[in-house]
Every structure is written in C-alpha cells, then in structure tokens.
Amino acid sequence: MDCGKGGNVMSLRTGKGKEDTFFDIIVAIIAIIALIVTLYPLYFIVIASISDPNAVLLGDVILLPKGINFVGYKYIFEEQKIWLGYRNTIFYTVVGTLFGVTVTLLAGYALSRKDLIGRNVIMKIMVFTMFFNGGLIPTYMVVSSLNLVNNPLVLIILGSVWVYNIIITRTFFQSTLPEEMREAAFIDGCGNLRFFISIAIPLSKAIVAVISLFYAVGHWNSYFNALIYITKKELHPLQLILRELLIQGQSLVTNMDSSEMESLIERERIAQAIKYGVIIVSTLPVIIAYPLLQKYFVKGVMIGSIKG
Amino acid sequence: MSKKLSKSLCILVLVVFTISMISGCVAGKDPDKGNTETTKDSKPVVNKTGLPIVNEPITLKMMVSKHRNDKITWAEKPCIIKAEEETGIKFEWTEIQGSAWNEMLGVTLASKDLPDAIIGGANLPLYADSFLPLNNLLGDYAPYAQEYFNKHPEIKFASTLPDGNLYSLPLVHITGNNAPVGYAINKVWLDNLSLDIPETTEELYNVLKAFKEKDPNKNNEQDEIPYSCFQNENTANTDSPSSINTMIWNFGLVNDGIGNPFTGTSDYVMAENGKVLFVPTDERFYDFLEYMSKLFSEGLMDRDSFVQKNQDYKAKGNKGLIGFFTYGGYEDTVVGTEYSDQYINILPMKDKNGNHTIMPTKISGDFTYSVFKITTACKYPEALLRLWDYANSTFENRLLWSWGVENEAWEKLDDGKIAKITSSFPEGFSTYSELRNSRSTGMSGFWIWDEDDYNMFSITEPRDKKYLEKGESYKPYLKKDLIPLGQDELEVTQDRATMSTEIKNYITNFVAESVIKGIDRSRWETHLENCRKLDVEKFVNDYQNYYDRAQEMLK
Amino acid sequence: MYGLQIAFKNFTPAKGYLGSDWVGFKHFNKFFNSYHFWTLLKNTLFLSIYHLIVSFPFPIFLALVLNYTPFHKLKKITQTVTYAPYFISMVVMVGMMFVFFLPTTGIVNVVIRSLGKETIDFLGDPKMFRHMYVWSGIWQSTGWSSIIYIATLASVSPELHEASIVDGANKFQRIWYIDIPSILPTAVIILILNAGRIMNVGFEKTFLMQTASNLSRSEVISTYVYKVGIMGVQYSYAAAIGLFNNVINFSVLLIVNKISNKVADSGLW
C-alpha cells in the first residue's frame, strides 16, 4: 500500500482536527517565510545578471534591473568552450555519480551489517583518511604513476567516493533495515545477496536519491582536479572554463599599456556583469534537476514490509 | 556475501594504501648534468656562434606559464616557428594555465621528470636546486645578456641569488616611466570652486572640505566623495596604489621593501641615510594617522574606505564621484574614460621640511626576474642560452618575440618609429591584449628591452602623453634612497614571508582602527609595544643586512 | 600519507621527500610561538563552534516543516527554492553581501538610516564578523543540509504514523515521538562528522569577507596559511600547520564520538 504523507491520511480522521489545522497553518506560514527569505537574493542574482554592473555595486538595483543589457550573457556564450564545458561536465557527472553511488551503496550496506568482520577497523581507517592526506604533490605523483594525467578517468575516480557519504548510507541502512527484518528473511531462506538485491535496494530509494544528488552536485561544481590534472582544453569541465572567464576579466595594472586600456576597462565591467550570469549558467541545470528527484523524498518507500 | 564484501573492502583499502606508499617512494632518475656532447662525426652538437644553433636536431621540452589572453599555442607563434627554422632546435611545449602555475611548478619540480626549461615566475631561493647557474655560461653563449647586465647592474643584482649565481634570466619591459603611481584631483571641481591646487596637508584639508560642502559637480546633491581608497583583498599585499598607504608620502614616508611578487614589495620599511627603519613606528606615521582620522571623522573620506573592494571603488570613480585619489597607471583605471579628462596629476603634499616625496619603481617598467630557467635535467643548456641570445640580440627579434609580426600588432611609420595598431584586430581576436599575447610571447615571454628599444615606439595616444607628463613632473621628487630589488637567503626569505604577513595583517588592522576611531598617545604606546612583540627588530635587521650587502654589490 | 613527513622537514622540491633536511618540530614551534597564534586559534574555534551549534538545528527544523507543509505545490516550491542558495559560488555570495551591507550604499543601511538610526558597519566591525559569517552560512546551506533529513523522514514507515493517529496522536506528538527519533541517528552522525571539521574554517569565504577593520576577528588559520605560504614559499611550514589542524580535528572527532556513544548509544564505531 503506497501511502501519501500523513496530512492526507489525517483529513480522513476527524477528532483532533482543530489542533492539527492550527499546526498546518503555522507550518504553512513558516514555509512561506522560508521561501521569501531565500527567494529575494536569488531574484537579485537574476536581475543583477542583466543590469549595469556599476548600478549593482552602488546599490541601485533593488527590485528591478537597471541599465538592462545582455553583455554579460553575450560574453559568456561567445566563449565557444562553454558548450564543450557543458558536454564534458555532464559526462563526468553522470559517470562519476554512477561510480560513486555504486561503491558507496555497497560499502554503506556492508558496513551496516553487524556481522561484517573488521567492521570497526575499516570504519576507523576510512575516517582516518578523511582527516589526513599527503597533500597535492604525493597525490599528483600517484596519479601520474598510474598514467591518469590528462585522462578523463582521473576526474571520475579521484575523489569520487566520499567517506562522508558512506557513513551516511551506513546510518541509513542501520536505521531502516532492522536486524529483525534480516533475520526474518534469513529464516525464509533468503541469502545475503538476494536480501541485498530484493529488499535492501528497493527500500533505499531515498538514500540513493540523496547520495546521487550529493555526488552529482559535487562533480558538477568541481574544478580543482581538472585544473591540476587536465591540461587539454577539450576535456575541461564547465566550472573550470567559467572560472577562467572570470579571471580574464580582472585587471592587472602593470603589464598593460594604453592600447589595452579600453578593452581592459570594458573587461572589468564585464567581469562584474558576468559574475552573476555565470551562476545562472552553471547552476540552472542542477536546480531544474532537483524537483525531479524530489518525489523520492516525498513518497513513503516502505512497501508493507514491516511486521510489528 | 557480506563476508566476501568485507574482505574485498579490506583488500581494496590495503591496496590503495600500498599504492600510495609505493608511488610515494618512487625516487626517480638522477637528473642529467649538462654536457657538451658530440655528433657522430664529432662536430659539437651546439655551435658557439652563428646559425643554426645545433648541428643535429634536438628536441627541448619547455614548460611555460600560459598568458590568460593567449588564444593559440606557443608552437603556433610566428616567433617560435621562425626560431625552429633558423636554429634547428625543435620544441615541445607544455602549457600550464596561470591559475594552476604555482601548484604545477611545485609538482613538476618534485617529480624528477623535469623539462629542459621552465618559463614563468618562480620563487628562486626555494627552487634554486632544480636549476642550473647561468652566470659562467653567459659570456660564451649569451653575450647580449652579458652586455645588457653591464649596462644595467641593478637588473643583474635583482636576479642574482645570495650565493652569487644567476639561476634565471628576466623579462624586462621598459615603459620609460619610473612613477606609475600618482595623485589625481578633479580640476573641474577646483575651478568651479575657484580653488588652487593644494600643496600642503592643510590646503588639502580645506579643498576636501570644500568638495564635500560646496557641491562642485553642481548637481545640487551632496554626493561628492572628497577622498576615497580601498584595501586590497589580500591583506598580505600592500602594494595597491589606491590604498590608504600611498597617503604616507604626504609625510615624507614611503612603503618600501623587497617582499616577493605575490605579497608585493611593500614591507613597511624605508631606507633613510643608509639606515633601514620601520615606517609604522616612526613619528611621522603618527602624524599620518592623526591627519587621516581627522579626514574620516569629518566625512571627508569615504566611509566605505576600509570595507569596500576594488570594484566598489571603481563604480564610484566611474560615476565621477571621487574628488581626490591615488592610483597606478592611468586615471581611467579608477574613473573610466568618461571622466578622466576632468582629472589632473598633482604632487603629493609637502612634508614638514617642505619636500615632496614620491616613491618610484625601482626598474622603470615591468620586471620579472625569474622567468627563463634551465633545469638540471637539460642536456643542452648551451643551446638554450644561445636560443635566448638569438631571440634577444637583435631589435627585429626582440620586437617579434615581444609584440609579434609587422602589420598585425604594430606597424612601421614613415619616420622610422613603431606604432601599435589598435584600431582593428584580425579574425579571432577581440582585444589588443589577446592579439599581442597570442601572436607573440607577450608578457609571458623572456625578452629584455632597454630605453633605446622603448624610444623606438611613437607616443601618440593623449593618455600616454599625460602619463609621460606626469613622469616628467614627478622626476625631481623621486626618492633616491631605495632598497634595491634582489634575493635573500632561503631561510631569511621564509622568515621574512612569515613576519611580513603577520606585520602587514597587524598594521592594516591598526591603521583601519586608528583612522576610524582616532589615535592618541596611549594607543600609540600600545602599538609600539605590539610591534616589539612582532619582533620588528629582527625584521628590520634582516632588511638592514640585505641593504648593506646590496650597497656593496652595486658600488 | 607519505607526504605528511614534510611537516617535519625543510622541504624543497629539488631535494624531494627523502632528501630534504629533517628539522623535527621546528615549524610547529614557529607557529605556536608566533604573535598571532592564540588569536588565530581563538578566531578559528569560536567561529567553528558558533557555526556548529547554531546551524545544527535549522536543517532539521526545515526538514520537519517541509515534511508537514500542507499544500503540495507550496512544499515543492519551497523545497526547491531553499536548496538553491547552496549553489551560489562563494565569490558571488560574498559579493552580494557587500552590495547589501556596504555602509554608504548598501540597501540594509539605507533602510536603517531611513528609520533614523546610525549606519551599522556590518562588514567592518569585528564584532559583527562572526554573526555575518555564520548567519549567511545558515542562509546558504540550510536547504541543502536538510535534504538528508527529508530523505530519512520519507523513509519512516507510514504505518507507524497511521498507528499513532489511531492512538489519538496529534501532529506535534507525532513529530516528537516518531519523526525525531527516526532522524536522531543521522543527526548524531552528522554532528560528529561536523565536529571533526572544527578547525576547518573555510578559506575562501573568510578570505573574501576580510576587510582591513575586521581582521582581529576574521583572520583564521586557513587564511594565515594561505598568506604565509603564497607561491609555495613555505611548503613545510604550511604542511606543519595543516597537520596540526588535522590532528586537532581528529582528536575532537574521537572525543565527540565517545561522548555520543555513551550518551546516545550511537556513533561511528
């Protein structure tokens, strides 16, 4: 039986109606407040991205854009590499997320089982690596000795599994798959593998959605590894390209002369203008993707499996 | 399944661990020392003079820091193509983006898989062991460098490490002007209020007061900002010309030092009569703080001064709201092209002794000392040096390598001079900077100019003329006793970097607080005590040692 | 891990890891004895702890609110909008803060002045720094951080809720007796992991928010290391400070984990 959230069910039962209506109103108000507080600055980014940068800086842009121009966007999209960046980032994100989610799910599940040998030791080692790492140079040496420099795989493997996510997954499994369930299944003749595939995975839609989101966003936003390990421009992800764009517009007082002045001043203004446009260009796809995942958080996912 | 899984996890972790340990231990090959090899018929591989440079094709691996406006690759630059043809050397380029340069430099040098040459800025005291000393080779293989250094000993000194060796050759771009930083005031406002150009701090105060109260821009609004400045985002870099620090000139003080290219050269020290002193504990600094805090408390100084960033400052400037400011380069950088005509350059105010003090640059142009470096892995350092000499010894080549091909970025005028072509750009380039830095090595290259080269360029832009005029009017007042640019011992450099950061953090904060809240004797005493705790004494001593050594070497 | 040893050496790339000279605890001593050490430590810890404690309940609260929001459209929109700020890059985020809070032209101060009050130097006053830092962080990340809680709440068996409704529980009670206990294990783990980040006051945001006047509160260990180690001049010194940071982080994690095991009977191991 697939149930909606408690609210719908509630309306069928009267009795405690008044208290709960009061509750509903309060909750709705809080939600609306949260909405407005969060919304204004986001709205600001949109109008700032099409306003005159000086007006933005001097506080003239409040509810409406001022000095509307699309120079910022024009500059961003003239950069042909943008589309290349989108393509690359989508690739890295999709593959990297699949990889990360798979490993994380397996590891999280394994660690949630009390009968895993060396469970605590493994946990301790993993957490240790969250805190101590050798730094850029040794990491680079490892990567290059595995011949992964300038190889797209490096962006998929390096840093694609986060201990943090493994821990969260483990906690999730621990709380939603009580031992009794496993024992019950075992008694019914269900082996480890079958339990994992037929019961654990279907019940974990919510956590899969969550860690997919975490990894996907992590990949989408990353640029540092690409900066260091990928010198071929065709393989650059979107964020890296956008960052370079922003830097290009910044000025250096020396190293330039009068003939570069005009373009320099223009560039500085553009840099300010594209600052906001860049956010929209780089995050719109992700923000649109979120509502699609929402349904996994909203629907109840325990399909009548608990017995008492 | 769970047991199996646990096992595989354990093994996976162990494997990853082991890999990282092993690859960390990979020591790598020994670096090859440079040597003069011979070809099969025992002719030397590298010719001492003339072209081609090599009698047998060799390939040299070059790692370069790519200029952010460079749209093509080094291999495609006309100067490189010509060089390969004429010298017989083939190049293999590894281009690193500017933003990754520091990390990649460290990574490459630690990896033991060194290229033959590294072209880009580097902190040499730290990395010296990775590069070959060049001084003894210059006479034979790069005579132009020798000649140039004889004419410009201060440039040679600036590139030399304390052990007496030269591990790099510089980029020198003479711009003919020692005084890029200037004071500007709005002449139109002065005229509208019938005021004279101020020459003392008292007069400046009166002018600023009038700017604020008497509506010089005649729009019936009190929107004028008499004086504004901003603090560099990186508080460890106090070089910014538009910061409040430039105002210490009015009191006979300057912000000198050698620092390093990234924290800037301003270290709050100053040389006077052969002694190095710490500026923020000098009495004159107290006067400076007192004066600025008076300006601030009376609203004559932008309230945002200690909070705003570069872009906020310029937004105000671009609206023509600022009456008086300090800047570097051209006024346009602050007020934009629309308002730059309203501003004129003035001298800093006279100090107590009636003198104007202006801090010049030590080299009249752009200078990066550590650009061209040959690594210890290079088999043919002589060839590389000869390449350097080839690129720099004739004016034609210098022009080709620094500005590009004729009739693209520059053209020859009838009177024999060179002029830049800024009106139109070929396909694919949208700014002059892109054109120049793509079709030539531009500001990422390793060419050196002197004043004669600079004088070959004709000055036509009114903006450039104004710049030159400023340079002329400032010349008599440029401070002569400066701490020369140069390098110090590694440990001293590191100590200095740490102390400098701490000192600058403290001083920047102290100045802000003193100006906003005011300064009095007891706070000053606390400040002097704090400076003692910061070990300013050692900081100044290190500088004094360096300064003395520099004076010796440059005698 | 191998690279950790440069904290105890004078590392130069040419000499490499094995060849660089051993100096023991020299770098650590240098750091501990430096003028700013205690200020840095204090600033870092206060900022971290303030942020940890204050920001902890918000995502949980938001998750509960979203869970019980009556109108489906409202819920969906609020959820999407509140999660969006997370994606704003730090440069833009701080840039916006400056636009809104600048003393002369910032809209917030314009409003304050129109109400007859004095301009507040949000960006320059050191005392305001921590509040600005933490609350802007809360604004930016609450939506995102609530996702994990929303997912956990969604996995609570609806039968539990139905059963409690039959027993006469109202929504407040359901939250207290069902939702919160179901979130508790996750919340505890997240708290522990965040405690383990206590020394990691992020470099980028702090650096961008520093102004000349708020340095006494805004200079933290990560910004100090950046400025001191610029251009890699001091690999070893920076590595030593980094190691110090990590050791503290790890120790705090161990302590908090032990406490939570004793108190809430749940922890990392």
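Here are some notes on side-chain pairings in chains B and C of this predicted model.

1. Ground rules. Since the model is predicted, local features need pLDDT of at least 70 and side-chain atom pairs count only at pLDDT 80 or more, while totals for chains, interfaces and linings use all residues. Residues are numbered from 1 along each chain as its sequence is written, chains are lettered from A and ligands numbered from 1 in the order in which they are written, and side-chain values use heavy atoms, with hydrogens and water left out.

2. Aromatic pairs. Rings of Phe, Tyr and Trp (its six-membered ring) pair if their centres lie within 6.5 Å; planes under 30 degrees apart are stacked, over 60 edge-to-face, and the rest tilted. That rule gives 66 aromatic pairs over all chains. One of them joins Phe31(C) to Phe32(C), a tilted pair with 6.1 Å centre to centre and 45 degrees between the planes. Phe31(C) also pairs with Phe37(C), this time edge-to-face, at 5.0 Å and 80 degrees.

3. The cluster around those rings. Phe31(C), Phe32(C) and Phe37(C) belong to one aromatic cluster that also takes in Trp38(C), Tyr224(C), Tyr237(C) and Phe244(C). On accessibility, buried means under 20% relative accessible area, exposed over 50%, and partly exposed in between (1.4 Å probe, protein chains only). Phe31(C) comes out buried at 2%, and Phe37(C) is buried too. Phe32(C) is partly exposed, at 31%.

4. Charges over rings in chain B. The test here is NZ of Lys or CZ of Arg within 6 Å of the ring centre and within 35 degrees of the ring normal. Arg436(B) has its charged end over the ring of Trp403(B), 3.4 Å from the centre. Arg521(B) does likewise with Tyr286(B), at 3.8 Å.

5. Side chains of opposite charge can pair when their charged atoms come close. The cut-off is a side-chain nitrogen of Lys or Arg within 4 Å of a carboxyl oxygen of Asp or Glu, and the count over all chains is 32 salt bridges. Arg284(B) and Glu272(B) form one of these, 3.1 Å from N to O. Arg284(B) lies in helix H10 (residues 283–297) and Glu272(B) in strand E7 (residues 269–272), so the bridge ties together parts 12 residues apart in sequence. (Helices, H or I with at least four residues, and strands, E with at least two, are DSSP runs numbered from the N terminus.) Both ends are partly exposed: Arg284(B) at 23% and Glu272(B) at 26%.

6. Arg521(B) again. This residue also bridges to Glu283(B), with the closest N and O atoms 3.1 Å apart. Glu283(B) is in helix H10 and Arg521(B) in helix H19 (residues 521–533), so the parts tied together are 238 residues apart in sequence. Glu283(B) is partly exposed at 40%, as is Arg521(B) at 42%.

7. Asp453(B) and Arg398(B) meet in a salt bridge at 2.9 Å, N to O. Asp453(B) sits in helix H16 (residues 451–455) and Arg398(B) in helix H14 (residues 395–402), so this pair ties together parts 55 residues apart in sequence. Asp453(B) is buried at 3%, and Arg398(B) is buried at 7%. Elsewhere, Lys66(B), Asp70(B), Lys77(B) and Glu95(B) are linked in a network of salt bridges.
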